[in-house]
Amino acid sequence: IIGAQKCGTSSLHTYLDEHPDIQMSTEKEVQYFSEEWRWEQGLEWYQNRFPEGPGLKGEASPQYTWYPYCNKSAERMAALLPDIKLIYMVRDPITRMASQYQDWVAQFWERGSFEEAMENIDEWPHRYRVTSSYWYQLQHYLKYYKPEQIKVVALEDLSKATTVTMRGILEFLEVNPDFWSQSWLERRHTGDIKRRPHPLFQPLVSDWLRMELLEPRRIPRKVAYAIRHFIQRTGTPIERPNPEGQFEQRLMALFRDDVNQLKQFSGQQFDRWRSY
């Protein structure tokens, strides 16, 4: 599962792991092909991220479609695993950016308003826009993989028509498509209320500490999570942005060509999205 961020990759990871013929990685977001320090650990390190035993192996790392910020993922993946199947989770591009903004505010990456975060979105590359430019991201995989090796799945379909959507995914993966789980009817990974950290913590959190709180390597994991939990609990709720009027039209215009190309490639109309 190569992405995209905030598009239901965690839910799909969980759903697939319940299938008797599929074993997903023991940690979600292995990031082997995108994160330099992980890539340098070698193939054995990657293999150890998966359970032993028979069955289709899978993982979900949205960072694999963070080009150009992570610009080697597709090439590395194809060199090691040329015959795999890829699932690309997508979502209304503007809604996805709004959800990403909430996360980044809660994680100290963003301090201003959503409008301020979008201020330079016409410039390329833009940290929000590239991740919502799904066709742009797919082109880097189509250099190495055949179109029939890639399945595009909309989060809106996974959420609103879960059973039908999962059946299509299982057929694509060539495992028993009749499998069904009661948990598919439960909303997963909706997350706690996102909170804007209290201003007192802003000057205390350096770039190094921010990364440690998100992905602990030197600080004990339980300690890092406890600190992060305390900081978030003392903050104020972040409402998800809902662009309207000229601002929304401006954002829609930026994604129109990319969405149309994605429709043509996938054969889907994404009826639950805005009318790009």
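**Notes on a predicted model**

1. Start at Ser73. Ser73 lies in helix α4, which covers residues 73-80. This model is predicted. Is Ser73 buried or exposed? Ser73 has a relative accessible area of 1%. Buried means under 20%, so Ser73 is buried.

2. Next, the surroundings of Ser73. Set aside its neighbours within four places in sequence. Ser73 is then in contact with Phe33, Ser34, Gln63, Tyr64 and Tyr141. Look for each of these residues around the side of Ser73 in the viewer.

3. Now the whole protein. The protein has 13 helices and six strands. Its radius of gyration is 19 Å. The globule rule gives 19 Å for 276 residues, so the protein is as compact as a globular protein of that length. The C-alpha atoms fill a box of roughly 50 × 45 × 40 Å, taken along the principal axes.

4. Of the 276 residues, 49% count as buried. Take the contacts between residues at least 6 apart in sequence. Of these, 74% join residues at least 24 apart.

5. Check the length of helix α10. The helix runs over residues 162-173, twelve residues in total. At 1.5 Å a residue, α10 should span 16 Å. Its end C-alpha atoms are 16 Å apart, which agrees.

6. Which residues of α10 are buried? They are Thr162, Thr165, Met166, Gly168, Ile169, Leu170, Phe172 and Leu173. These buried residues pack against two helices, α1 (9-17) and α9 (155-160). They also pack against the strands β1 (22-24), β2 (56-58), β3 (86-90) and β4 (150-154). Just after α10 comes Glu174, with a positive phi of about 60 degrees.

7. Compare the directions of two helices. Helix α8 covers residues 134-142, and helix α13 covers residues 245-266. Their axes come within 8 Å and cross at roughly 50 degrees. On the α8 side, the contact is made by Tyr134, Trp135, Tyr136, Leu138 and Leu142. On the α13 side, Asp258, Gln261, Leu262 and Phe265 take part. By class, this contact has seven nonpolar, one polar and one charged residues.

8. Now some backbone details. Most residues other than glycine have a negative phi, and most peptide bonds are trans. Two peptide bonds here deserve a look. A cis bond joins Tyr67 and Pro68, with omega about 5 degrees. Pro68 lies in the loop between β2 and α4. The bond from Trp124 to Pro125 is also cis, with omega near -5 degrees. Where is Pro125? Pro125 lies in the loop between α6 (114-117) and α7 (129-132).

9. Finish with the loop between β1 and α2. Glu29 lies in this loop, and α2 covers residues 36-39. Phi of Glu29 is near 65 degrees, a positive value in a residue other than glycine. At 25% relative accessibility, Glu29 counts as partly exposed. Gln31 is found in the loop between β1 and α2 too. Phi of Gln31 is positive as well, near 60 degrees. Gln31 is buried, with a relative accessible area of 8%.

Terms used. Residues numbered from 1 in each chain as written. Predicted model: local features only at pLDDT ≥ 70, side-chain atom pairs only at ≥ 80, totals over all residues. Heavy atoms only, no water. Helix = DSSP H or I, 4+ residues; strand = E, 2+ residues; numbered from the N terminus. Expected span 1.5 Å × (residues − 1). Buried < 20%, exposed > 50% of the residue type's maximum accessible area, 1.4 Å probe, protein only. Contact = heavy atoms within 4.5 Å. Axes fitted to C-alpha atoms, helices over the stretch in contact; angles between N-to-C directions. Nonpolar A, V, L, I, M, F, W, Y, C, P; charged D, E, K, R; others polar. Rg over C-alpha atoms; globule rule 2.2 N^0.38 Å.
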